[in-house]
Amino acid sequence: MKHLIIASTSTVYNGKPLEYIMEALASLFKDTNEILFIPYARPSGISHDAYTDKIKIAFKAINKSVVGIHEFENPVEAIKQAKGIYVGGGNTFVLVNQLYKNNCINALKDAVDTGTPYIGTSAGSNICGLTMKTTNDMPVVYPPSFKTLGFVPFNINPHYLDPDTNSKHMGETRATRIKEFHKFNTQPVVGLREGSWLEVKGQSIQLKGTLQARIFEYNSEAYEVETNTYLNELK
């Protein structure tokens with residue numbers, strides 16, 4: 001059975017990486033002691049080794065070891081053999097470009113669809129949707145396709161921010177950008193606020209965390225859903 005955690009972020013409230021979601025991760029990875037980490041998104045340009053070392057420290061809290069996919073000669077085979085997978089955050093364009101370059105897209109789809117537990121944060125959550133077109137990131141590289149893993153039947157906007165009525169910022173809000181997206185695309189978009197995540201079990205998709213999520217649908221007004229709401233019918 002497919003089992004995923006799709007989280008807006010790895011770190012909230014100045015906490016340690018993944019600290020706020022460790023209980024859920026212990027359950028997700030209960031049947032394995034080793035996690036395959038995919039550091040391709042490289043936040044702030046960090047090296048694959050340095051990023052993996054940070055994640056190794058985080059997973060020590062639940063007695064899990066971590067190995068980076070870049071340490072394997074064959075990344076596709078590494079995914080096929082993995083007992084658990086974590087795709088970290090950073091730049092979604094960089095992540096998707098590297099996944100396509102290494103022929104990992106289909107391998108990831110097959111692994112997760114056949115039961116390998118998966119967590120994605122930020123960029124790693126963005127790629128769980130139908131496309132990466134609702135990322136907040138700059139297009140610093142040009143991937144072969146914007147099509148992503150499609151583990152859920154909608155797009156995701158991680159780090160969703162509500163408009164600040166007291167701000168003097170005159171640029172586009174997240175809501176404005178998603179409205180622009182819907183001028184050219186019809187799939188729904190789930191705005192995930194910091195500290196929120198989606199848990200996917202088989203065909204079930206449930207909002208977790210303490211905050212609401214904002215739902216944007218084509219030709220409709222955006223609306224809020226409460227934590228623990230199921231989003232199975234969102235298409």
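Asparagine 103 sits in the loop that links helix H4 (92-101) to helix H5 (105-113); helices here are DSSP runs of H or I with at least four residues, strands are runs of E with at least two, and both are numbered from the N terminus. Before I continue, please note that this is a predicted model, in which local features need pLDDT of at least 70, side-chain atom pairs count only at pLDDT 80 or more, and totals for chains, interfaces and linings use all residues. Residues are numbered from 1 along each chain as its sequence is written, and side-chain values use heavy atoms, with hydrogens and water left out.

To return to asparagine 103, its phi is near 60°, a positive value in a residue other than glycine. Most residues other than glycine have a negative phi. With a relative accessibility of 58%, asparagine 103 counts as exposed, where exposed means over 50% relative accessible area, buried under 20%, and partly exposed in between, with a 1.4 Å probe and protein chains only. Asparagine 228, in the segment after S11, also has a positive phi, of about 80°, although it is not a glycine. Its relative accessible area of 43% makes asparagine 228 partly exposed.

I turn now to the sheets. Seven strands, in the order S3-S2-S4-S5-S1-S8-S9, form an open sheet with mixed pairing; two strands are taken to pair if DSSP finds at least two bridges between them. Why is one side of strand S3 and of strand S9 left without a neighbour in the sheet? Strand S3 (65-68) and strand S9 (204-208) stand at the edges and each has a single partner strand, so one side of each has no neighbour there. From one strand to the next, the twist averages 20°; axes are lines fitted to C-alpha atoms, for helices over the stretch in contact, and angles between N-to-C directions run from 0 to 180 degrees. Helix H2 (residues 48-59) packs on this sheet and touches strand S2 (34-38), S3 and S4, with a direction at about 165° to that of S3; contact means heavy atoms within 4.5 Å.

Within this sheet, consider strand S5 (residues 118-121). Strand S1 (residues 3-7) pairs with S5 in the parallel sense over 4 bridges, and strand S4 (residues 85-87) runs parallel to S5, joined to it by 3 bridges. Isoleucine 119 in S5 stands opposite isoleucine 5 and also opposite tyrosine 86, while threonine 121 is the bridge partner of alanine 7. Both faces of S5 are covered, with Tyr118 and Gly120 buried on one side and Ile119 and Thr121 buried on the other.

Is serine 122 buried or exposed? At 12% relative accessibility, serine 122 counts as buried. Leaving aside residues up to four places away in sequence, serine 122 touches Ala7, Ser8, Thr9, Gly89, Gly90, Pro158 and His159.

The other sheet is open, with 4 strands in the order S6-S7-S10-S11 and mixed pairing. Its edge strands, S6 (155-157) and S11 (223-225), each pair on one side only. Here the twist averages 30° from one strand to the next. Strand S7 (residues 189-191) pairs with strand S10 (residues 213-216) in the antiparallel sense over 3 bridges, and valine 189 has phenylalanine 216 in S10 as its bridge partner. Helix H7 (residues 174-181) lies across S6, S7 and S10 and runs at about 160° to S6.
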